Amino acid sequence: MVAVGALIVHEKTDKILVVQRAGSQDWHPNEWEITYGRIDQHEDPESGLRREVLEEIGITDLAIQSVLRVWHMYRGPEIAENDLIGITFVCTTSTMEIRLSHEHRAQRWVSPQEALELISVEGIRKDIETYILSRQ
């Protein structure tokens, strides 16, 4: 499987968007994250990223800036069916308006440091930490 992530920065405020997963989700329920999703077969990463962002948070004016990080994880036991390669992109938007899907229950625009205070999942924290380091 291939997944994509969007660390979305608001153009005017430099705040990043974090979303809280719904309690009904099977992976890290109620945890804060940035937007992630798996791409479909035959879908390129940038198209998949735009689709996932639109489906999960309703942003249409996403500008993909650069690749932030490429990562690997197992979504469950370490077997081939759970093998996941991911690409996290830094993106920008001019909108503050978010339309959450059923996968999430809350959203906030926060500073990168505030994001680290909310996010406890190690891999997601790594995305935020990498972003902070890239700005120094």
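I looked up E31 to begin with, and found that E31 is partly exposed, with a relative accessible area of 23% (buried means under 20% relative accessible area, exposed over 50%, partly exposed in between, with a 1.4 Å probe and protein chains only). The model is predicted, so I note that local features need pLDDT of at least 70 and side-chain atom pairs count only at pLDDT 80 or more, while totals for chains, interfaces and linings use all residues. Residues are numbered from 1 along each chain as its sequence is written, and side-chain values use heavy atoms, with hydrogens and water left out.

E31 lies in the loop between β2 and β3 (32-33), where strands (E, at least two residues) and helices (H or I, at least four) are DSSP runs numbered from the N terminus. Leaving aside neighbours within four places in sequence, I found E31 in contact with V19, Q20, R21, S120 and V121 (contact means heavy atoms within 4.5 Å). From E31 to V2 I noted 29 residues in sequence and 21 Å in space, C-alpha to C-alpha.

For helix α3, residues 122-134, I compared length with expectation: at 1.5 Å a residue its 13 residues should span 18 Å, and the end C-alpha atoms are 18 Å apart, which agrees (the expected span is 1.5 Å times one less than the number of residues). I listed I124, D127, I128, T130 and Y131 as the buried residues of α3. Seen down the axis of α3, these buried residues fall within an arc of 160°, so they line one face of the helix (the arc is that of the directions from the helix axis to the C-beta atoms). On the other side of α3, E122 and L133 are exposed.

Last, I looked up the largest pocket, which has a volume of about 500 Å³ (on a 1 Å grid over the protein atoms alone, a pocket is an open set of points where a 1.4 Å probe fits, with protein on both sides within 12 Å along at least five of seven lines, and lining residues have an atom within 4 Å of a point). Of the 24 residues that line this pocket, W27, Y36, G37, R75 and L84 are the closest to its centre. I noted that β5 gives the most to the lining, with 4 residues.

Note on methods. Points joined across faces, edges and corners; volume = space filled by probe spheres on them.
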